[in-house]
Amino acid sequence: MKLPERITRYVVVFDICTYDDSWEERRFSVKRRTKLWRILFEYGHRTQLSVFEVEVFPADFRFFVSRLSSVIRKETDKVYVYPLDRRSLRNIVRVGN
């Protein structure tokens, strides 16, 4: 019997910026943020406003990153994906809800 592929956990932190304070630019940044949230909710749950804890199969990781990069504006926005190994998972301390 073949064991299922190992799932890897990641913490994803993002920052969606605007070029200026115009109404139109703010609207586009809200759209990008919403699209990013929808993708991230498919893979995990939100721990803070712009921080998600996600589970991605190793074979799907490149596809996951390409989906994230297709949404953001690379000149201004930032997305960081931090891997969590098993040792780190054991040491996570959650306080509160």
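From the N terminus on, the elements of the protein chain follow the order β-α-β-β-α-β-α, which amounts to three helices and four strands, where helices (H or I, at least four residues) and strands (E, at least two) are DSSP runs numbered from the N terminus. This is a predicted model, in which local features need pLDDT of at least 70 and side-chain atom pairs count only at pLDDT 80 or more, while totals for chains, interfaces and linings use all residues. Residues are numbered from 1 along each chain as its sequence is written, and side-chain values use heavy atoms, with hydrogens and water left out.

The C-alpha trace of the protein chain spans about 55 × 35 × 20 Å along its principal axes. Of its 97 residues, 27% count as buried, where buried means under 20% relative accessible area, exposed over 50%, and partly exposed in between (1.4 Å probe, protein chains only).

In helix 2 (residues 61–71), the residues Phe64, Leu68 and Val71 are buried. Seen down the axis of helix 2, these buried residues fall within an arc of 65 degrees, so they line one face of the helix; the arc is that of the directions from the helix axis to the C-beta atoms. Arg62 and Ser70, on the other side of helix 2, are exposed.

Six salt bridges are found in a search of the whole structure, each being a side-chain nitrogen of Lys or Arg within 4 Å of a carboxyl oxygen of Asp or Glu.

| Pair | N to O distance |
|---|---|
| Arg9 and Glu53 | 2.9 Å |
| Arg73 and Glu25 | 2.7 Å |
| Asp77 and Arg32 | 2.8 Å |

Arg9 in strand 1 (residues 8–15) and Glu53 in strand 3 (residues 51–56) are 44 residues apart; Arg9 is partly exposed at 26% relative accessible area, whereas Glu53 is buried at 8%. Arg9, Glu53 and Glu55 are also linked in a network of salt bridges.

Arg73 lies in the loop between helix 2 and strand 4 (78–84) and Glu25 in helix 1 (residues 23–43), so this pair ties together parts that are 48 residues apart in sequence. Arg73 counts as buried at 18% relative accessibility, as does Glu25 at 9%. Asp77, in the loop between helix 2 and strand 4, and Arg32, in helix 1, are 45 residues apart; Asp77 is buried at 6% and Arg32 is buried at 9%.
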